[in-house]
Amino acid sequence: MTKDEMAVGFSQGRRLIQEEWSAPDEIKAVDECIADGKCAVEDDWRYHDNFQCERRIVVGVKP
């Protein structure tokens, strides 16, 4: 997913669960969206047994 596609989803108030093995450019894109105020971290990176990896939940911020 591109940063622009993410931004559209975030502008609609959508939520993204991002896992640690996401593509590095996707992690960077979400970090940039957070910095730009397009989304907010609901649950920061931490390990979850049911996912067997670290993940974070990011939620869209409607304008």
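In the predicted model, Gln52 is found in the loop that joins strand E2 (39–48) to strand E3 (53–60). The phi angle of Gln52 is near 55°, which is a positive value in a residue other than glycine. Most residues other than glycine have a negative phi. Gln52 is classed as exposed because its relative accessibility is 61%, and the class begins over 50%.

Strand E3 also contains Gly60. In contrast to the exposed Gln52, Gly60 is buried, since its relative accessible area is 17% and the limit for burial is under 20%. Gly60 and Gly13 are separated by 47 residues in sequence, yet their C-alpha atoms are 4.2 Å apart in space. When neighbours within four places in sequence are left aside, Gly60 is in contact with Phe10, Gly13, Arg14, Lys38 and Cys39.

Two of these contact partners, Phe10 and Cys39, also belong to the largest nonpolar core. This core has seven residues, namely Met6, Phe10, Ala29, Val30, Cys33, Cys39 and Val58. Helix H1 (3–11) and helix H2 (24–35) are the elements that supply two or more residues to the core. The greatest contribution comes from H2, which gives three residues. Met6, another member of the core, is in contact with Met1, Glu26, Ala29 and Val30, again leaving aside neighbours within four places in sequence.

The packing of the two helices was examined next. Two packed helices are described by the angle between their axes and the distance between the axes. For H1 and H2 the angle is about 45° and the axes lie 10 Å apart. The crossing of H1 past H2 is right-handed. On the H1 side, the contact is made by Lys3, Met6 and Phe10. The residues of H2 that take part are Glu26, Ala29, Val30, Glu32 and Cys33. Sorted by class, the contact of H1 with H2 comprises five nonpolar residues, three charged residues and no polar ones.

The segment before H1 includes Thr2. Thr2 is counted as partly exposed because its relative accessibility is 42%, a value between the limits of 20% and 50%. Thr2 and Val59 are 57 residues apart in sequence, and the distance between their C-alpha atoms is 16 Å.

Terms used:
Residues numbered from 1 in each chain as written. Predicted model: local features only at pLDDT ≥ 70, side-chain atom pairs only at ≥ 80, totals over all residues. Heavy atoms only, no water. Core = buried A, V, L, I, M, F, W, Y, C linked by side-chain atoms within 4.5 Å. Buried < 20%, exposed > 50% of the residue type's maximum accessible area, 1.4 Å probe, protein only. Helix = DSSP H or I, 4+ residues; strand = E, 2+ residues; numbered from the N terminus. Contact = heavy atoms within 4.5 Å. Axes fitted to C-alpha atoms, helices over the stretch in contact; angles between N-to-C directions. Left-handed = near helix turned anticlockwise from the far one by under 90°. Nonpolar A, V, L, I, M, F, W, Y, C, P; charged D, E, K, R; others polar.
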